[in-house]
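Q: I am new to this structure. Please take a close look at one part of it and walk me through what is there.

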Amino acid sequence: MLKPLVLVVEDEPAQRELLLYNLAAAGYRTAAAADGDEALLKIAEEEPDLILLDWMLPGISGIEICRRLKVRPETRAIPVIMLSARAEEADRVRGLETGADDYMVKPCSVPELMARLRTQLRRTRPAGVGERLTFGNITLEPETHRVYRAGVEVRLGPTEYRLLATLMERPGRVWSRAQLLDRVWGRDVYVETRTVDVHVGRLRKALKAAGADGTDPIRTVRGAGYALG
Ligand code: CA
């Protein structure tokens, strides 16, 4: 599975570069925006997994961006950590009231920022930050890249592994083939949508062969895509 993508919205070039450097060093994929308009564009284009959002930006403020994100169903679930030079209690409360998931005062301690980032991503991208996942009798361990069904190891190719990790992060969610391509193969890779069906087929076969019951945990949703459970 692809590493979580963190969008850094910060108008100060030095601070922006420092954040991008530390995020990349921690293994995250990154994207950056220097003002509010660029941020909204990048959010629509890249669909980040988390946003580090500076409060004071030229043009649309960080707080306004946060408010807009939290009212739209497509972006509501993206965790937002507001970064601000303001340390006043009232500002912190206001930041959280607009729907920000967390708030930090600049300059931030890098280890603390990374810890808070992980806390947010543990909810939304658990496998992406190394959390072990379970669904029924299936267990997936990101640290070792191993998958078990009813205690028996399931041998999967790297693509089938990423596919299963994606499905297990959001049981019940219906993924279109295009969404799976973005998440499992990446946006920069050109792959035909039919390829998704081929790999889902292989994953199904491997999962059915493992464990005792041999049931198929993957559901095909006609005209829509695939879901786990
Ligand atoms: Ca700023």
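A: Here is a close look at one strand and its neighbours.

This is a predicted model: local features need pLDDT of at least 70, side-chain atom pairs count only at pLDDT 80 or more, and totals for chains, interfaces and linings use all residues. Residues are numbered from 1 along each chain as its sequence is written, and side-chain values use heavy atoms, with hydrogens and water left out.

The part is strand β8, residues 146-149. Strands (E, at least two residues) are DSSP runs, numbered from the N terminus. β8 has two faces. Val147 and Arg149 are on the covered face. Arg146 and Tyr148 are on the uncovered one. In a regular strand, side chains alternate between the two faces of the sheet.

β8 has a partner in strand β7, residues 138-141. Two strands pair if DSSP finds at least two bridges between them. Four bridges join β7 to β8, and the two run antiparallel. Here arginine 149 of the covered face stands opposite isoleucine 138. A hairpin is formed by β7 and β8, with four residues between them. In that turn, histidine 145 has a positive phi of about 60°.

β8 also pairs with strand β9, residues 152-154. This pairing is antiparallel too, over three bridges. Valine 147, also on the covered face, has valine 154 in β9 as its bridge partner. The hairpin of β8 and β9 has two residues between the strands. There, alanine 150 takes a positive phi near 50°.

Definitions and conventions
Buried means under 20% relative accessible area, exposed over 50%, partly exposed in between (1.4 Å probe, protein chains only).
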